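Subject: Structure handover

Hello,

Here is the structure we talked about. Please open it alongside this note.

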Amino acid sequence: MIPFFSRRALPVLSASLLLLVACASEPDSARKVRSEGLSDPSAEVEPGAIVVDFKDGTTKAEFDALEKDWGVDLEFNSIEGAEDGITIARGVGDVDAVLAKIRQNPNVEAAEPLEVYRSSYVPNDPGYTKQWNLQMIDMPKAWDKSRGKGVVVAVLDTGIAYEDYDDFKQVPDLKGIKFVKGYDFVNKDEHANDDHGHGTHVAGTIAQATNNSEGVAGVAFEATLMPVKVLDHFGRGTSANIADAIRFAADNGAKVINMSLGGGGYSAVMESAVAYARKKGVTVVCAAGNGGRAKVEYPAAYEGAVAVSAVGPDGTLAPYSSYGKELDIAAPGGDKRQGEAGGIIQNTIDQRDVSKSVYASYQGTSMATPHVAAVAALLYAAGAKTPDEVEKALYDGAKPVGDKAWSEQYGHGVLNAQRSLEALGKTRGALDWNPLLAGLGMLAMVLLSLSKRIRPGYLNVLFNPGFLFSLIVSTVGFFIAHYFAGWFSGGAADVLDATSLPIPDLDRIIFGRGKLANPLFYSALIPVVASLLAVRFKGLRPVVGGLAIGFAGFLGYGAWAHAPALAWMPFKFLAMPWLVLNTLICLFVARALLRKESV
Amino acid sequence: MKIRGKIAFRDLETGIWVLEGDDGRTYELAGGDRKIKRDGQRVEVDGEVKKDAVSIGMVGPLFHVKSYRFE
């Protein structure tokens, strides 16, 4: 017992401790990520316009007298002007010089260029209003955060109309888009032009030139495309060519591979190519198929691939879309039963004349797939490092359909770019310190619930190294590792990354991130088993006590804040009672272990 | 192998031609000549299923037509 801390001081002390932790709860890494992101593209400086804030109560006559000297024509910004002294002027020649001069005046509180805020980015492409699919995945808001800058997306398809070569012509709405060298695995040359029309359409969904007053928009229009031709002029190819192409793309800098293709049987060669790409940090996105049945086609069905089903404008599964147990996510793929407007419109070539540009409305899981691939590119550009991170953000951000966290028809739900970028910000941006705070609160509760005779001091418990260590590791993980993860790459980074997870999430090392939380790990199981050991070995009691408090904090906070989706649970709402029950069990275990021996 | 069924055009992807087989399966058509493209036509086709074929159609196995007879 630390003698000079009386029991009465305990609530004060615990409160200040909580405060201390709260203050530390925004690590530098979080701030860095935020400032590295786009500053705020929704705000733009209006050329030649300034805003001057005079001292409150400054009259029009007063600033009119100064105007001549400054060479500007100031007006109150609104009827509030007479109160707050905010004025604006347009048509200012040398803004910087004028502002410098204005700031000299003692009556001026602030003077700066006028910024114009838009609700969000609205591209000027004339066909943009027809692209219901972009609204569905919340693109306008997502563009404020990321446009996929510099991320290489390989399109394994019939080729792309990306260059003027032979009788091929670049389609106009890909003008200005960046391309890296690809390959034509059908004709064995370096000119992966499109002689069919499918691949160019798919590429358009990913990176159609946007805000260029031409045609339509694309999802990740600052991404770089890699044209890889694996399908012939009938849109068909072989699994051997595709396997080669996957490795080619992974070896040549692609971060995302889009495969709007499928069929054939299981191919070990293609499966190992997908695994190879994933190991190299590539996210592989594939179409579930157009059979309208419960069978996900290969390559979408392979372990390392993201399998995509298609929804129509009403957000329900399109009649042609395949689905099944390997399905991961749904995206807009079109439904033309009500007409052409229900399809996905992009710029491509006329099937009858490769040099002729058309805007075609297609439907298919091929059209859904590039939406997901493009959002994956947005996520890489926003800081995601691994396919695991990309997938987790894709699935966390997806909008579930119905009350199920996962279904065979929609996987984790319908793609949403905006929410996925937010989800990425949460996983990358900051450690979540809240479970630790909840744990500290629960510790105070447990201690206060004990009678005076057997209650140890709060700080005595807290400063026991065994207790503190297991408390931290079970709530926020071995977080120090987080700060060093950036220094390593490959396997070492993966291991460090894993140790930075709180204990209940450690099963994801085995089963992979981006999957649902495991209800056995999200339970009192681990503390209860550990407490059985502590019955025998008294020295373990503080350690297991910390573990139990930590789990209580983690699960309790989880139940209160977001009730994560648990695997194997038939309904999402069952997660809540499960977490609450297990929190209580953890508290019970902790209470038994932390009491002072009444000897 | 011979399969009987119905030729159909499906407005999927860039447009695909399929055989709705009497065996209950849907095959993506390949080979044959252009005159086989007759929406709704009953047919008996002779040919083979290409096991390693991958396509943009993704509606079912690819059936490569050697010969066919309208019914």
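First, the ground rules. This is a predicted model, in which local features need pLDDT of at least 70, side-chain atom pairs count only at pLDDT 80 or more, and totals for chains, interfaces and linings use all residues. Residues are numbered from 1 along each chain as its sequence is written, while chains are lettered from A and ligands numbered from 1 in the order in which they are written. Helices (H or I, at least four residues) and strands (E, at least two) are DSSP runs, numbered from the N terminus.

Chain A, helix 11. Of its 17 residues, 17 are buried, so helix 11 of chain A is largely enclosed by the rest of the structure. Buried means that 20 or more other C-beta atoms, placed from the backbone, lie within 10 Å of the residue's own. A:Gly383 follows helix 11, with a positive phi near 120°.

Chain A, helix 9. This helix covers residues 239–251. Its 13 residues should span 18 Å, and its end C-alpha atoms are 18 Å apart, in agreement. Its buried residues include A:Ile242, A:Ile246 and A:Phe248. A:Ser239 and A:Asn241 are also among them. Just after helix 9 comes A:Gly253, with a positive phi of about 95°.

Chain B. There are 6 strands and 0 helices. Of its 71 residues, 37% are buried. Take the contacts between residues at least 6 apart in sequence: 58% join residues at least 24 apart. A contact means C-beta atoms, placed from the backbone, within 7 Å.

Where the chains meet. 17 residues of chain B are in contact with 30 residues of chain A. On the chain B side, strand 3 (26–31) and strand 5 (53–55) are the elements that give two or more residues. Strand 5 gives the largest share, 3 residues. By class, this side has 8 nonpolar, 5 polar and 4 charged residues. Nonpolar covers Ala, Val, Leu, Ile, Met, Phe, Trp, Tyr, Cys and Pro; charged covers Asp, Glu, Lys and Arg; the others, Gly among them, are polar.

Pairing takes at least two DSSP bridges between the strands. A:Arg236 stands opposite B:Ser55 there.

Best wishes

Note on methods. A residue is buried if 20 or more other C-beta atoms lie within 10 Å of its own, exposed if 12 or fewer, and partly exposed in between; C-beta atoms are placed from the backbone. Two residues are in contact if their C-beta atoms, placed from the backbone, lie within 7 Å. The expected span of a helix is 1.5 Å times one less than its number of residues.
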